[in-house]
Amino acid sequence: MIAGRLEKLQLIVVTGKGGVGKSSVTAMLGRLLSGMRRKTLLIEVDPRENLHHLFDIPPSGGDVVEVDPFLKIQHLEPRSIIDDLVREKLKVGFLVKRVLASPVHQHFTAGAPGIKEAAVFGRALRWLEGHHPRGIETPECIILDAPATGHGVSWLLAAQLVSDVVKSGPIGEMAADVAAFLGDEARSGTVVVGMAEEMPVEETRELIEAMKTRMQRRPEFVVLNALYPPVPDEGTDSEADDFLHDLWIRRRQINESERARLAAVWEGPLLELPLLPMDPGPALVGRLGVELSRWLSRQASGRGGRG
Ligand SMILES: Nc1ncnc2c1ncn2[C@@H]1O[C@H](COP(=O)(O)OP(=O)(O)O)[C@@H](O)[C@H]1O
Ligand SMILES: [Mg+2]
């Protein structure tokens with residue numbers, strides 16, 4: 001049962017192609033969890049900071065900022081996390097400076113595949129365990145708004161790849177912990193966001209397949225965002241209206257055929273969210289939240305159909 005999962009999971013990774021609505025879904029889930037009175041932290045790892053717009057608060061700039069008493073957001077630079085790791089392990093100031101400035105360190109953190117991704121998860125894990133700066137409340141759940149760069153699944157597999165290569169030392173230990181955490185159904189889950197259009201559905205299908213074959217896991221649920229509403233039957237009065245009506249029919253047809261193409265590989269829970277005539281902001285997040293709550297109660301009563 002999905003609501004039950006959302007009450008328990010410690011980490012939820014929201015992933016999918018760029019521009020499909022990941023940040024909006026992250027914000028929507030954050031509000032839901034804070035409504036459940038779970039202390040929730042949303043982490044955004046995108047060079048462009050966006051999440052704060054959805055709550056109409058100032059940007060985080062790396063700090064933890066409050067949305068409501070149960071909901072906080074933080075924007076993270078993966079690079080700064082790795083530097084923090086070095087600082088923590090090498091407590092001596094001059095050593096830290098030397099390591100951080102050394103070309104080897106710079107090369108390693110910028111180039112080594114998977115390190116940045118594993119470090120973000122490693123940070124999340126440590127904070128969940130209560131190892132965070134003083135003055136910050138230990139989150140009960142972290143929702144990661146995963147960046148769109150690269151393939152969605154590379155984020156989920158990164159720690160495993162690192163831990164296969166780096167067997168010891170702080171990075172190796174961290175990567176092994178993260179890989180175990182991401183493999184643990186009781187603690188972590190993934191929400192895959194897509195739109196009912198060709199490329200996003202392609203990516204969503206690949207992501208589900210890769211999770212299955214490479215992690216033996218499946219998403220908690222899949223979101224099809226920004227669906228055009230069904231077209232009403234009545235005709236239109238003018239040529240301009242005819243054009244819009246045809247456009248609407250066409251978009252809706254694409255949505256329906258792509259939804260069917262997704263259904264061929266995904267029989268699990270599917271949340272459909274409508275295209276809303278709204279700008280990004282709290283009102284949009286609120287409306288999406290209403291759709292989510294209705295869907296969750298349909299799921300709970302067995303009327304959700306899928307899942
Ligand atoms: N259901 C929706 N209806 C209307 N606009 C939406 C919807 N979902 C997202 N948007 C808009 O689409 C754009 C991309 O959404 P965003 O959540 O930032 O995507 P991502 O994080 O995947 O790049 C934003 O301007 C957002 O306000
Ligand atoms: Mg985003």
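I started at glutamate 137, which counts as partly exposed at 44% relative accessibility (buried is under 20% relative accessible area, exposed over 50%, partly exposed in between, with a 1.4 Å probe and protein chains only). This is a predicted model, where local features need pLDDT of at least 70, side-chain atom pairs count only at pLDDT 80 or more, and totals for chains, interfaces and linings use all residues. Residues are numbered from 1 along each chain as its sequence is written, and side-chain values use heavy atoms, leaving out hydrogens and water.

Next I looked up the partner of glutamate 137: its side chain meets lysine 72 in a salt bridge, 3.8 Å from N to O (a side-chain nitrogen of Lys or Arg within 4 Å of a carboxyl oxygen of Asp or Glu). Lysine 72 is buried, at 17% relative accessibility. I also found Lys39, Glu66, Lys72 and Glu137 linked in a network of salt bridges. The count of salt bridges comes to 14.

Another one joins aspartate 68 and arginine 31, with the closest N and O atoms 2.9 Å apart. Here aspartate 68 is buried at 15%, while arginine 31 is partly exposed at 35%.

Then I turned to the rings. My search of the whole structure gave 2 aromatic pairs (ring centres of Phe, Tyr or the six-membered ring of Trp within 6.5 Å; planes under 30 degrees apart are stacked, over 60 edge-to-face, the rest tilted). Phenylalanine 121 and tryptophan 155 sit edge-to-face, 5.8 Å centre to centre with 75° between the planes. I noted phenylalanine 121 as buried at 2% and tryptophan 155 as buried at 5%. Phenylalanine 221 and tryptophan 295 form a tilted pair, at 5.2 Å and 55°.

Key. Chains are lettered from A and ligands numbered from 1 in the order in which they are written.
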